[in-house]
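Please open the model in your viewer and keep the selection tool at hand.

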Amino acid sequence: MTTNTKLIDKPESKSSVAQAPKTVFIDNIEIEIDAKCNLVQAAEKAGVEIPHYCWHPDLSVVASCRMCLVEMGTKSASGEVTMLPRLVPACQTLANPGTVIKTNTEKVKQAQQQTLEFLLLNHPLDCSICDQAGECYLQDYSYKFGRPHSRLHEPKVQRQDKDHIGDQIALFTDRCVMCTRCVRFTREVSGTAELQVISRGSVEEIDVFPGQPCNNKLAGNVVDLCPVGALCSKDFLYKKRVWWLKSVESVCPGCSTGCSIHVDQNKDQVYRIRPRENPQAQGSFMCDDGRFGWKYIHGEQRLTGPRQGRALGESNGNAKMHSSNGNGVQANQADLASVDPWPDILLNARSAIAKFAKSNSGKFVAVLSPFMACEEAYLLCTYLRGVDAKIAFAMGPVPRQGQDDCYPKSPKGEPPSRDKVRFTIRAEKCPNYRGVAAIVDRFQDRILDFDGCLNGIRNGTYGGAFVVGGYPDGWTDANTVAVLASLKLLVVLDMVRSPVSDSADFVLAGASFAEREGIVINHGGLAQLQRVAIRPPGDARGDGRILMELAGRKGLYHSQSLRAELAKQIPKFAKLGNGEIGEEGVQVL
Amino acid sequence: MTDAQTQTNGAQPQTSGETRRAANAEQPGAKKNVKWAESPTLGLMETLYLPAIASGIGTTIRRMFVRNETRQYPEVEPIMPANYRGVHRLNRDSQGRVKCVACFLCQTACPANCISIEAAAAPKDDPAWQDRDKFPEKFEIDELRCIYCGMCEQACPVDAIELTSIYDLTGATREEMMFDKEKLLEVFDITSTTGKDPVRTTSGKLGPASEFVEPQATQLRS
């Protein structure tokens with residue numbers, strides 16, 4: 001898997017092979033640099049900010065925005081400094097031994113001011129309605145490096161906004177600074193090359209070939225790459241001003257690549273998901289399936305409370321539905337009457353499982369889900385093993401779609417050769433298959449696959465089951481539903497309402513990836529932490545908390561101490577140590 | 001009253017002051033050099049009360065001959081100064097559209113969290129909205145929660161929200177006091193037609209984000 005991690009890395013990292021350390025001088029700060037890097041990166045290491053628009057660490061260098069101009073010189077062995085008479089673009093200049101740069105001289109400051117004045121020449125200054133306001137580099141650099149006034153007296157050139165760029169992308173043409181990051185992205189990373197620059201000079205514009213919009217699976221990244229408000233996401237457009245959003249570091253559950261993400265939320269409502277740079281996981285980007293595929297967490301089908309008794313038999317009056325999303329006063333009164341439905345239902349579920357396992361030893365099966373976090377899987381396994389030593393563990397269906405989708409694509413749409421892969425959307429559409437499998441390994445010699453489990457239920461080997469869901473679409477396969485519904489005891493821990501949860505004796509309303517905390521292990525064995533961004537809807541709870549109480553463990557669900565326990569109990573997870581997971585995750589398997 | 005009693009009575013304020021001081025000194029963090037103000041002891045004139053009654057009657061008689069300050073509200077309604085901060089209004093632009101561009105700056109600035117806006121893309125199909133990108137689909141102010149500080153109108157980059165001199169805001173229900181966009185525009189219609197425009201606005205002179213103003217030839221030369 002290490003080969004794969006390398007593959008994800010961009011061409012630059014090929015050059016980031018350690019070299020002999022060299023000394024460079026940035027604003028009289030002396031720093032050692034051991035990898036090949038440009039002056040922007042070198043200055044960043046020294047804590048000095050060199051403003052830039054067109055340069056991005058994952059894209060080729062064009063040095064077209066002229067924002068990163070600095071004074072450069074060399075220091076000879078005798079200590080004599082010779083400065084160049086002209087300014088050089090820091091993004092295009094490599095840091096060599098003895099390189100001296102000055103970023104705060106009058107000459108540099110003047111260049112920055114003039115560049116910004118030029119970039120803002122035809123900018124409409126419509127910050128008040130621009131979605132980028134608050135995270136816009138034109139705003140930030142204007143404050144830090146710009147001049148307060150424009151000397152332009154002529155009316156600004158106004159251009160038509162373009163709605164046809166892509167299904168998810170809107171282009172506000174007159175806000176563009178022509179950094180061409182988006183164009184380079186579609187050429188170098190996605191390989192689909194839809195975007196291009198048309199015309200020249202002051203009428204230069206970003207556009208697509210007529211009738212061929214930018215709809216590739218990585219298209220959403222151009223919105224993140226755009227340093228100004230020119231490219232906006234249609235999905236997020238005008239939904240929320242960015243300064244209201246609180247960002248939580250998490251992991252995308254869309255596929256086993258496990259992209260590091262930011263979940264941006266406000267008042268328990270997720271508004272967008274952005275990629276978080278993590279060279280260990282996926283790099284700087286993410287795919288549109290993950291970026292826009294989180295809507296189910298606010299879907300109407302979400303379970304909002306636990307339930308006891310089969311919903312199908314609701315007419316008999318046996319079922320007790322506890323839900324706080326019921327409409328009207330009646331539901332509220334019911335809520336008041338039955339303060340908290342959880343303690344009773346958990347107690348009943350626990351005794352029902354214990355009773356069933358006692359009378360039918362070895363006939364109870366636990367179906368784990370590849371959407372569970374490792375801590376949750378561990379809690380469930382230890383709990384059920386404690387109830388009955390003969391309980392069988394099975395893996396729920398592992399969603400797979402076609403082949404791994406690798407980028408950059410060739411002009412004909414063919415995948416690249418293995419050493420040129422820069423981004424992979426994996427066929428395995430779940431975040432934690434490897435992690436859950438590794439945990440079950442510890443409790444059972446061979447993990448039962450889902451078909452085997454269904455066969456076992458059909459031929460009467462198993463009479464009761466604890467089924468964990470977490471699938472975004474719920475359980476839709478009619479055959480599976482019929483088989484699971486035939487069980488004598490069915491306990492379901494799930495997030496969305498489905499025919500399976502309707503036919504369950506106990507439904508425990510769990511959480512989506514944005515509402516729970518725990519580690520997931522990606523295709524390469526990298527453990528990353530999904531963090532709580534919002535609260536679950538209604539009376540639903542985090543899966544960890546439910547399992548903690550179901551197992552009768554003392555204390556609150558604390559993922560770090562559970563990880564420490566996991567590291568001690570299961571040798572494969574020893575690398576988790578005391579359970580601390582950094583921003584970039586821990587390589588475990 | 002015996003001598004002993006008088007003594008104790010006379011000394012009482014002091015004693016109690018000292019006990020307070022002593023009690024305070026024991027408390028951690030009490031200031032040592034606190035100066036205690038004592039209530040003055042009453043003299044003979046004060047204990048008689050008659051002079052005070054006489055001066056009170058004097059005041060009453062004097063008021064009979066000066067101008068009456070009582071406002072006959074609500075029979076006679078006062079005219080508030082033009083910079084009074086009362087009920088909000090949402091201004092209209094020259095074409096009668098809501099001037100607000102839904103930038104959320106008032107909502108951000110509001111210390112009472114009483115403004116809630118929902119933005120949407122301007123209806124581009126409508127020729128009247130061709131030059132606008134974003135507009136407020138909903139704009140609600142909770143007039144009960146508002147503290148009338150005026151920070152919303154200071155924050156507004158397009159002079160769309162203003163506080164008017166309407167002060168007598170009443171309602172039978174809480175819902176009535178939630179002013180939506182239509183109601184706020186209505187306040188604009190009322191105040192702009194009755195000559196009650198607030199003075200803080202730069203009415204007619206708009207920022208660049210609101211309307212595009214053709215630069216004058218004279219400006220170019222200067």
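Which residue of β5(A) is the bridge partner of Ile26(A)? Select both strands to find out: the partner is Ile101(A). This is a predicted model, in which local features need pLDDT of at least 70 and side-chain atom pairs count only at pLDDT 80 or more, while totals for chains, interfaces and linings use all residues. Residues are numbered from 1 along each chain as its sequence is written, chains are lettered from A and ligands numbered from 1 in the order in which they are written, and side-chain values use heavy atoms, with hydrogens and water left out.

**The sheet**

Strand β1(A) (residues 22-26) and strand β5(A) (residues 99-102) run parallel and are joined by two bridges. Helices (H or I, at least four residues) and strands (E, at least two) are DSSP runs, numbered from the N terminus; two strands pair if DSSP finds at least two bridges between them.

Axes are lines fitted to C-alpha atoms, for helices over the stretch in contact, and angles run from 0 to 180 degrees between N-to-C directions.

**The helix pair**

Now select α13(A) (450-458) and α14(A) (residues 478-485). These helices pack at an angle of about 45°, with their axes 9 Å apart. That makes α13(A) oblique to α14(A) (angles under 35 degrees count as roughly parallel, over 145 as roughly antiparallel, 65 to 115 as roughly perpendicular and the rest as oblique). In the contact (heavy atoms within 4.5 Å), α13(A) contributes Phe450(A), Leu454(A), Ile457(A) and Arg458(A), and α14(A) contributes Asn479(A), Thr480(A), Val483(A) and Leu484(A).

Colour the buried residues of α14(A): Thr480(A), Val481(A), Val483(A) and Leu484(A). Buried means under 20% relative accessible area, exposed over 50%, partly exposed in between (1.4 Å probe, protein chains only). The buried residues of α14(A) pack against α13(A), β19(A) (464-468), β20(A) (489-494) and α15(A) (499-502).

Finally, just after α13(A), select Gly460(A), which takes a positive phi of about 85°.
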